[in-house]
Amino acid sequence: MPTSQPISSPLPSTLPAGSTAHVRAEGIRVTLGDRVVLPGVDVTVSAGSRLAIVGENGRGKTTLLHVLAGTLRPEAGTVTREGTIALVEQALDADDDRTVGDLVDQATAPAVAALAALDSAAEALATGGERAAEAYDVALAAATALDAWDAARRVDIALAGLGACTDRDRPLQSLSVGQRYRVRLAVVLGSVPDLLLLDEPTNHLDAQALDFLTARLREHPGGLAVVSHDRALLHAVATTFLDLDPSRDGLPLTFAGGYDGWVEGRRRERESWEQDHATQVAEHAALARAATEARDRLQTGWRPDKGTGKHQRATRAAGIVQTFNRRVDALERHRITVPEPPMRLAFPEGRTRPGQHILTTHAVTVSGRLETPVSLSLNGGDQLVVMGPNGAGKSTLLAVLARQLSPAAGNVSVHPHAGVVLLSQEVPAWDPERTALRIFDEHLARVGRGDAPSLRSLGLLDAAAAHTRAGRLSQGQQRRLHLAMCLADRPDLLLLDEPTNHLSAALVDELTAALTDTASAVVVATHDRQMLADLAEWPRLDLTLARDARQACAECRVR
């Protein structure tokens, strides 16, 4: 935990501040263990803000939200606040006897208190007490600022809109993690704080709840800061992006212009960074070559043409020494001051021929998991999106295509020389003591791919992560390692099960672009709204429609 430092203003009051509401953080530094997660962040969230805080897992996004909310004190920097602020964390503890009604009462307590104060002020005004009119005006202003008369109805609307439990007597312990989260999110939305701080708010929400949340955030009269991997939500809501991923000076960057502005600004910054670094590296290499050439001339000796005078030979030899010294001095003075830029995702060159037959299935089913018979024919370059709700059999179908699961009925025929790989939702059970690089190399040895790319060349794990033991990798890093192993196989058919899980928005954008260009056949099963939009031109296999219509066979012959 960071060392305690004074914060320049107390936690916000229970009364809204309206247009003057804000939380302003300057020079925020937080170190967890031996790692600096926030190196000196400046950020302001005010009325009207629509801020997205983005970056890879472990960059300090959640930590920054807690600093802004006042639940974590930074070791350096200052935070000032005004107005009401609510933080919705990813999980809600339920280790006590609280009920749904307790959360509702907590959220509406300021409104209830304001109405009670207004009633008391009205009674005092009726009796003509001293300064009764002034007290009534203050109480009325407070109730109006809170829109107290409508507080309970707002919470009810939010509970219904998010599909949350409405039984006030229901213990929170009896609810699932997802249902508890919906209740918590609903009561916060219903309380309409000046500033909303949301950590992965789309977790545990279905399509209807996602639509409701998106609409409410767009309509929110105050400001908000959101941490999310949900690109559709970021597209729809955020206007400014605070990017915590590494920059050339080590500090976060802020981009305006919504999601597209962030992507374009990030692209320009990355290209400039890469160009400046490449220029300095090239200059250093040129100086090194010059010094080497001068050293070679000095070591091999210089022989003038016959007839050259002794004085001239001595003068020329001294010149060679001087040249060598100048070259070495220039090399020693030169420094590469621009740090090495972060890597980019790089798909290895495919080996699949367009139209090459890869796989055919005929009426495959799996008892209790994939009830609708599915027939597919996939060739090189084919693209397919598998859709359907949880339980429709998407993951099961991909496991059948990868021949990791045998169908109960039907058959799967794979070309004998075709390579098929599956990026499953769960990473393999790696030895937690082995490094990512060792796991990757051992995988290549098992599959016998002599032409496989190196782990670094794929642009998915940096050197530090590559030499980290698997047990200490974050979920995002484990997902990257699994993806790298799949790509290294240079598959003819790449099967991706919820590929956006645990990956940053920036990497998912790169992955989506690469999927549209690869020569391999690709099958994607996803709920990700933005990926579905990005792959809108791909053929669809909707297991929901097939199941609901009770079709004998869901067929998809992709061409």
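Student: In which sense do strand 1 and strand 4 pair?

Tutor: This is a predicted model, where local features need pLDDT of at least 70, side-chain atom pairs count only at pLDDT 80 or more, and totals for chains, interfaces and linings use all residues. Residues are numbered from 1 along each chain as its sequence is written, and side-chain values use heavy atoms, without hydrogens and water. Strands are DSSP runs of E, at least two residues, and helices are runs of H or I, at least four, numbered from the N terminus; two strands pair if DSSP finds at least two bridges between them. Strand 1 (residues 22-32) and strand 4 (residues 76-82) have six bridges, and the sense is antiparallel.

Student: Which residue of strand 2 is the bridge partner of V30?

Tutor: Strand 2 (residues 35-46) runs antiparallel to strand 1, with nine bridges. The two form a hairpin with two residues between them. V30's bridge partner in strand 2 is L38.

Student: Is T202 buried or exposed?

Tutor: T202 lies in the loop between strand 6 (195-199) and helix 6 (207-219). Buried means under 20% relative accessible area, exposed over 50%, partly exposed in between (1.4 Å probe, protein chains only). T202 has 12%, so it is buried.

Student: What is the orientation of helix 2 relative to helix 4?

Tutor: Helix 2 (residues 100-127) and helix 4 (residues 151-161) pack at about 150 degrees, axes 9 Å apart. Axes are lines fitted to C-alpha atoms over the stretch in contact, and angles run from 0 to 180 degrees between N-to-C directions. Angles under 35 degrees count as roughly parallel, over 145 as roughly antiparallel, 65 to 115 as roughly perpendicular, the rest as oblique. Helix 2 is therefore, relative to helix 4, roughly antiparallel.
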